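Thanks for coming. I will go through one model this morning, starting with its strands and ending with a few backbone details.

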Amino acid sequence: MSIRVTHTHGEDIAVTAANGTEILRYVYRPDPDPFESRKPYAHPVRTLSGRTVTGYRPNDHRWHKGLQMTASHLSGQNFWGGNCYVHGQGYLRLPERVGSMRHDGFSAFTVEDDRLSFTEDLTWIENGGQEWAREVRGLTVHGVDEETGAWALDWSIRLTNTRSEPLAFGSPTTAGREMAGYTGLQWRGPRDFTGGTVFAPDTDADAGKLMGTQGPWLAFTTEHDDVDGHSTLVFAHAPENLDETSAIHESHWFVRSEPFPTVAFSWAFFEEFELPPGESFAYRYRIVVADGAWDRDRVGTYLGGLPW
């Protein structure tokens, strides 16, 4: 299925499928509120039939914005947005700790009939204005298929420490809050995903039991409000992410179906890791957006037919 790409320079990139549905809007215009950690995000994200599968600024966490790259605990700074977790005191409003990600430009931008790929350059800036890291981010929209009712978004990150000292990556769990290891690429779902079904390969565990586990992919299905229909999201690691010899640090799932729907590819769930000055790390992820309530077999078959 072909796509149409509309780039409003300085604002956002919109991808529309041949059936007229806008399936992705990637916003890189800086947010107005620095407390929400100014950074690019993808919202709305939709299935091919037009079901919205991302939430934006929900009243419980205004800094949750669709699909976004985050870092909840980074050398004392918060590149997620919102309140900071401080052990023994809980979540505190500490605006002086909230950093930002500056969009510096696109170094590559390719549009084909059925595929969009771009490379974005960003700078991670701590609250005082010091530039801490340089990021090269890649997004690719592909596999748009009306017959299967699905499409895929690949999202990659390569982050380089530009400081003269190590960057320490952690999470609320590494800071003392049990089973709250959120950080990294994070999805926030709309409210009709609340209470949805979460599953993974080779296990019957639900969202609660999958929290903090490891695996190649995780799926989240729901029945929508307002319209008759289901949607499925699949979150998948590139093979090298789970290879202990190539990944800088092992990843775990952060996932909740209640009280609100969210998934993160956490790169520092249980333990901190450091990135030395001048060094880099890289991860690749895939998010599949599908109409219908997919099951384990269908997810496995689809992923197997869509090589990296």
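How many bridges pair strand 3 and strand 4, and in which sense, parallel or antiparallel? Strand 3 (residues 22-27) and strand 4 pair over three bridges, in the antiparallel sense. Val27 stands opposite Tyr41 in strand 4.

Before going on, some ground rules. This is a predicted model, where local features need pLDDT of at least 70 and side-chain atom pairs count only at pLDDT 80 or more, while totals for chains, interfaces and linings use all residues. Residues are numbered from 1 along each chain as its sequence is written, and side-chain values use heavy atoms, with hydrogens and water left out.

A few words on terms. Helices (H or I, at least four residues) and strands (E, at least two) are DSSP runs, numbered from the N terminus. Two strands pair if DSSP finds at least two bridges between them. Strands of a sheet pair through backbone hydrogen bonds, either parallel or antiparallel.

Ala133 stands opposite Asn161 in strand 12.

On a 1 Å grid over the protein atoms alone, a cavity is a set of points where a 1.4 Å probe fits but cannot get out; a pocket is an open set with protein on both sides within 12 Å along at least five of seven lines; and lining residues have an atom within 4 Å of a point. Grid points are joined across faces, edges and corners, and a volume is the space filled by probe spheres set on the points.

The largest pocket holds about 420 Å³ of space. Its lining has 30 residues, and those nearest the centre are Asn83, Tyr85, Tyr91, Pro172 and Tyr182. Strand 6 (73-74), strand 7 (84-86) and strand 18 (252-256) are the elements that give two or more residues to this lining. By class, the lining of the largest pocket has 12 nonpolar, 14 polar and four charged residues. The classes are: Ala, Val, Leu, Ile, Met, Phe, Trp, Tyr, Cys and Pro nonpolar; Asp, Glu, Lys and Arg charged; the others, Gly among them, polar.

How many cavities of 30 Å³ or more are there? The count is one. The largest cavity has about 60 Å³ of space, and its lining includes Trp151, Trp187 and Ile287. Strand 12 and strand 21 each supply at least two residues of that lining. Nine residues of the cavity lining are nonpolar, one is polar and none is charged.

Last, the backbone. Most residues other than glycine have a negative phi, and most peptide bonds are trans. A cis peptide bond joins His43 and Pro44, with omega about -5 degrees, and Pro44 lies in strand 4. Five of the five residues of strand 4 are buried, where buried means under 20% relative accessible area, exposed over 50%, and partly exposed in between (1.4 Å probe, protein chains only).

Ser37, in the loop between strand 3 and strand 4, has a positive phi near 60 degrees. Ser37 is buried, at 1% relative accessibility. Asn78, which touches Ser37 among others, is also buried, with a relative accessible area of 3%.

Notes
Contact means heavy atoms within 4.5 Å. Lists of a residue's contacts leave out its neighbours within four places in sequence.
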